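This report concerns the packing of secondary-structure elements in one protein model. Please consult the sequence and coordinates shown here.

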Amino acid sequence: MPQVLPEFSNSVKLKYVKLGYQYLVNHILTFLLVPIMVGVAVEILRLSPDEILAIWRSLHFDIVQILCSSFLIIVIATVYFMSKPRTVFLVDYACYEPPVTCRVPFATFMEHSRLNLIDSPKSVEFQMRMLERSGLGEETCLPPAIHYIPPTPNMEAARGEAQIVIFSAIDSLMKKTGIKPKDIDILIVNCSLFSPTPSLSAMVVNKYKLRSNIKSFNLSGMGCSAGLISIDLARDLLQVQPNSNALVVSTEIITPNYYRGQERAMLLPNCLFRMGGAAILLSNKRRERRRAKYRLVHVVRTHKGADDKAYQCVYEEEDPQGKVGIRLSKDLMVIAGEALKSNITTIGPLVLPASEQLLFLFTLIGRKIFNPKWKPYIPDFKQAFEHFCIHAGGRAVIDELQKNLQLSAEHVEASRMTLHRFGNTSSSSLWYELNYIEAKGRMKKGDRIWQIAFGSGFKCNSAVWKCNRTVRTLTDGPWQSSIDRYPVHIPEINKL
């Protein structure tokens with residue numbers, strides 16, 4: 001029996017109807033104002049010079065009224081510009097690229113697991129299954145202390161990892177931007193699980209001999225979304241401190257947090273988390289407008305910690321043998337979905353075009369009044385953004401967001417390839433993804449970027465950026481040596 005081809009004409013017509021609707025609603029003011037302006041222009045052209053002169057002479061101007069009106073305009077303009085938020089620019093950023101000696105191919109990882117968990121073959125088998133489905137590649141890296149058998153996660157090794165990751169990223173950023181340590185006014189360092197004394201921010205101040213009046217902050221325990229929390233804090237500080245530069249450092253130190261027990265829910269982070277870090281330079285100086293890569297538009301933060309399940313879904317604790325690790329709940333993806341829903345409800349009205357907001361409103365009213373079983377309308381965020389940087393927390397996270405936001409494979413390419421090449425680098429993963437888009441030569445002036453991150457607590461945070469200038473193909477950075485090989489095909493199960 002011959003195969004019946006699908007009827008494409010209806011779907012094509014529907015597509016053009018939707019495009020026409022979006023164009024009409026998004027440009028409604030233009031469609032209303034243009035006829036009015038044309039009508040006014042036609043009427044003016046019909047008037048003779050004498051009639052125009054007569055109209056001008058008929059106007060009576062009072063010098064007091066003119067002065068009062070001028071003063072009022074000046075006052076309103078002054079209040080507007082004084083109350084207008086300062087523009088925050090992202091001048092540039094740099095990501096840490098671990099050395100080849102830190103790479104952990106699958107074979108090496110599994111061999112170490114068998115030797116470290118020699119009394120628990122089921123735990124080894126579990127890790128192998130997780131690794132096969134993780135979406136990670138063969139070039140991800142772990143710190144030197146984890147390469148030992150058994151691992152040696154002591155304080156000295158943890159400090160050593162922090163120094164090499166953070167200092168390398170900052171050195172690269174200073175080289176790219178030409179900024180000097182004395183030019184840094186604000187310093188924010190975020191690292192969730194390693195919080196030594198003195199703090200990591202103090203370590204940076206000591207290394208680069210930063211000014212004694214620098215405003216420094218050290219954020220810990222905030223999870224993988226801490227990078228955007230740091231950006232939000234920097235933005236708030238730059239609003240009250242004019243003509244300033246802020247250095248933000250996002251990283252996660254793996255060495256002291258590598259779980260050495262047998263609990264399956266606590267072994268999963270071992271399969272996903274890898275070395276990484278990023279340094280970002282923000283500024284509110286007007287002279288940075290020309291060379292800055294991006295302009296910060298919005299930061300939206302959502303915290304679901306009031307709910308007990310959400311609070312405990314990513315939880316650091318001891319197992320029955322007294323070994324500390326991070327326990328990931330089975331409800332994690334459901335909780336992440338709820339947090340994302342709350343976050344996009346807030347960010348949607350800020351970024352979506354009028355056409356999408358109206359469709360969402362009509363659907364909401366229809367469900368409330370007519371039929372509660374109507375399928376809720378999911379706004380098309382592709383109308384608001386050209387690029388998406390979804391936290392590379394794991395394959396399931398990326399799959400879920402791609403499905404819920406109805407994104408194409410190209411929209412999530414940066415997230416999948418970052419997970420494959422570098423693994424889950426926690427709060428810094430968003431910057432590796434942004435660097436991937438730049439390295440591919442896809443970032444153009446005016447493009448809008450949506451960064452989405454999830455973190456313990458449970459939090460979902462978003463940042464919206466607008467590209468300030470077309471970014472040329474990069475000649476340095478973490479993707480320099482491998483960008484030509486990407487994107488790669490990532491199988492559902494990579495049999496080991």
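## Helix packing

Helix 16 (residues 413-422) and helix 17 (residues 429-439) pack at an angle of about 115 degrees, with their axes 9 Å apart, and are therefore roughly perpendicular to each other; that class covers 65 to 115 degrees. Axes are lines fitted to C-alpha atoms, for helices over the stretch in contact, and angles run from 0 to 180 degrees between N-to-C directions. The crossing is right-handed, that is, the near helix is turned clockwise from the far one by less than a right angle.

In the contact (heavy atoms within 4.5 Å), Glu413, Ala414, Ser415, Met417, Thr418 and Phe422 of helix 16 meet Ser429, Tyr432, Glu433, Tyr436 and Ile437 of helix 17. These residues divide into six nonpolar, three polar and two charged; Ala, Met, Phe, Tyr and Ile are among those counted as nonpolar, and Glu among the charged.

## Basis of the model

The model is predicted: local features need pLDDT of at least 70, side-chain atom pairs count only at pLDDT 80 or more, and totals for chains, interfaces and linings use all residues. Residues are numbered from 1 along each chain as its sequence is written, and side-chain values use heavy atoms, without hydrogens and water.

Helices (H or I, at least four residues) and strands (E, at least two) are DSSP runs numbered from the N terminus.

Nine strands form an open sheet of mixed pairing in the order 3-2-4-5-1-6-11-10-9, where pairing requires at least two DSSP bridges. Strand 3 (215-219) and strand 9 (387-390) are the edges, each pairing on one side only. The twist averages 20 degrees from one strand to the next.

Conventions: Angles under 35 degrees count as roughly parallel, over 145 as roughly antiparallel, 65 to 115 as roughly perpendicular and the rest as oblique.
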